[in-house]
Amino acid sequence: MAYISVMLMVVENSLVVDQTKLAICKIRSLILPVSISLAFGGLFVKSYRVSVIFNAVNKLKKVNLSDKRLVSVVFIFILIDLLIFVCWNIIDPMTIQSTVVNTEMTHDENNNDVQLQYISDECISEHNDIWFGLLFVFKGALMAFGVFIAWDTRNVISALNESKQIAFAVYCVSIIAIVAIPVIFVTDLTTDALYATISVFLIVGSSVILIAVFVPKILLLGIPDENIKVRISELNVFEDRTTKQTIALYIQELHEKQTELARLKKQLHQNGYSCIDA
């Protein structure tokens, strides 16, 4: 979706009809935030489940986080993007603003003076900065959640540990944002230069994140089966440890019940009752 937003940017820049250009601008403004929510939301909630499971095991508790619940969390992220987008277009609708960037005097074939105006069309709203700020705050909170999950799962067994990939992905996005935001919003770039800059940041950032997250999984296909079995054995150790902890919990509960029963028998005996009368 991030790659598609780059293509739409190129199409938008080459169109002449304002209404079509405005429609493409709105679509592009929506699918880019949604692409971030889908990519990072899916990555984070999967690691969140690992974090919850292992924290529950350490506390000897049961936990049930189904795929449907995790997917619903990702859809909540998307709904927040949609809510911001809808409010944006209702309260402060986007318009096409045309600006004359350059004027040249030339001559036509009949040697008549002709004035050429180079016009830049920009898709903008009155309070553009506020709406972009809301999106940045939401995405920043999403990245902070990812950093917390990466830290919380740093000691999880390697078969389920994606903390390094998460940390690297968040690091890349943070660096790109730190560099891109001043370039886009502060510097005075021409329309073509602005579109080119945004496109480079989107393509490079998306590609690096995809490579960092998915290439390690693809490389697993080249590992011999016996090495895979060694890694899976880590899960067996985890299951054995969980079973031992569960048995220890049952023994502890049984001991507490026996202690409570002995106390009640003693109390009945002090009151002049026998266990049979009770």
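F136 is partly exposed, with a relative accessible area of 41%; the class partly exposed falls between buried, under 20% relative accessible area, and exposed, over 50% (1.4 Å probe, protein chains only). The model is predicted: local features need pLDDT of at least 70 and side-chain atom pairs count only at pLDDT 80 or more, whereas totals for chains, interfaces and linings use all residues. Residues are numbered from 1 along each chain as its sequence is written, and side-chain values use heavy atoms, with hydrogens and water left out.

The ring of F136 pairs with that of F132: the centres are 6.4 Å apart and the planes stand at 25°, so the pair is stacked. Rings of Phe, Tyr and Trp (its six-membered ring) are taken to pair if their centres lie within 6.5 Å; planes under 30 degrees apart count as stacked, over 60 as edge-to-face, and the rest as tilted. F132 and F136 are four residues apart in helix 4, hence separated by about one helical turn. Helices here are DSSP runs (H or I, at least four residues), as are strands (E, at least two), and both are numbered from the N terminus. F132 is also partly exposed, at 26%.

The structure holds seven aromatic pairs. One of them, between Y48 and F145, is tilted, with 6.0 Å from centre to centre and 50° between the planes. Because Y48 belongs to helix 2 (residues 18–58) and F145 to helix 4 (residues 128–152), this pair ties together parts that are 97 residues apart in sequence. Y48 is partly exposed at 35% relative accessibility, and F145 is partly exposed with a relative accessible area of 26%. Ring pairs also link Y48 and F145 with F40 and F44 into a cluster.

In one, D67 meets R49, with the closest N and O atoms 2.8 Å apart. This pair links distant parts of the chain, D67 being in helix 3 and R49 in helix 2, 18 residues apart. D67 is partly exposed at 49%, and R49 is partly exposed at 22%. A salt bridge also forms between K139 and D81 (3.0 Å, N to O). Here K139 in helix 4 is linked to D81 in helix 3, 58 residues apart, and both K139 and D81 are buried. E260 and R263 form a salt bridge as well, their closest N and O atoms lying 2.6 Å apart; these two residues are three apart in helix 7 (residues 225–270), so about one helical turn separates them.

D92 presents another arrangement. This residue lies in the loop between helix 3 (67–91) and strand 1 (95–107). A polar atom of the D92 side chain does lie 2.6 Å from the backbone nitrogen of H127. Beyond its neighbours within four places in sequence, D92 is in contact (heavy atoms within 4.5 Å) with residues including C87, S125, H127 and W131.

Notes: A polar contact is a pair of N or O atoms within 3.5 Å; within protein, one must be able to donate a hydrogen and the other to accept it, and residues adjacent in sequence count only if both atoms are side-chain atoms. A salt bridge is a side-chain nitrogen of Lys or Arg within 4 Å of a carboxyl oxygen of Asp or Glu.
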